[in-house]
Amino acid sequence: MFSWARGRSWGPERAGPAWGGDNIGSNYMEGAMDMNQLSAALASALVRVVESAKPAQEYCLLWIDWWPICMTKAEWSGWMQAIGAILAILASFALVRHQLKEQQLLVKRAAVSRIRTFVAFSSSYAEGFLGIDKYTNLEMRRQSALLNEQIAMAATIPSELLNIEWIAALEGTRSIAVQFRVLVDAVAEDPRLGPQAREVGKQLAEKLADFEKTVVQDHPGFKIWPHRRNRRSKG
């Protein structure tokens, strides 16, 4: 047996632990394990890429297999949001329109009621004017003040939304009331004009009767005196 310096042998003993045989084997095993793990990670990543590349599942409306009505969940969600927004806009528009119609209906009802009151007053005034036996200055001034008040109130009636016949009845009645005021003022200055004023008052009363026929009927679109009509029909 040959020996090496410092007592290290040269021969079969070279295969011993001093050459690190066990370390080489362990390093080889660790490298193999690292390669296996790397291969598994690459395979898993490849599977995920392939799955992500697949088209998303589509759902068809009413289960009809036709491409315009088949979409993914995300697409259906977007469409539902858009449709919901449109429906909300339409609902708000319909609500505003309904409120506007209700407000207009209230204005119409108030205007119709005031026109009927004004026409009834003018008719009653015409009868009273024609029934006066003696036209005194004091009585004529009182009648003039009463007419001025009613004419001013009639000018504030909102008739823009009413039927043309009702507008004509309002304007015609107000014109007759103004003419009665002219007669009253003339008689107040000269009581001798009383007989002439009475004849003109009769003509005005005949014209006023036509407007009374208009306002007794229901206004187109709504009724304001339903109970009165029922009583007449029963009678």
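Helices (H or I, at least four residues) and strands (E, at least two) are DSSP runs, numbered from the N terminus. On this basis the protein has 6 helices and 4 strands, arranged along the sequence in the pattern β-β-α-β-β-α-α-α-α-α. The model is predicted, with local features requiring pLDDT of at least 70 and side-chain atom pairs pLDDT 80 or more, whereas totals for chains, interfaces and linings use all residues. Residues are numbered from 1 along each chain as its sequence is written, and side-chain values use heavy atoms, with hydrogens and water left out.

Of the 235 residues, 23% count as buried (under 20% relative accessible area, with a 1.4 Å probe and protein chains only).

Rings of Phe, Tyr and Trp (its six-membered ring) pair if their centres lie within 6.5 Å; planes under 30 degrees apart count as stacked, over 60 as edge-to-face and the rest as tilted. A search of the whole structure finds 5 aromatic pairs. Tyr125 and Phe180 form an edge-to-face pair, at 5.7 Å centre to centre and 85° between the planes. Tyr125 lies in helix H2 and Phe180 in helix H4, so this pair ties together parts that are 55 residues apart in sequence. Tyr125 is buried, with a relative accessible area of 6%, and Phe180 is buried at 2%.

Key. Buried means under 20% relative accessible area, exposed over 50%, partly exposed in between (1.4 Å probe, protein chains only).
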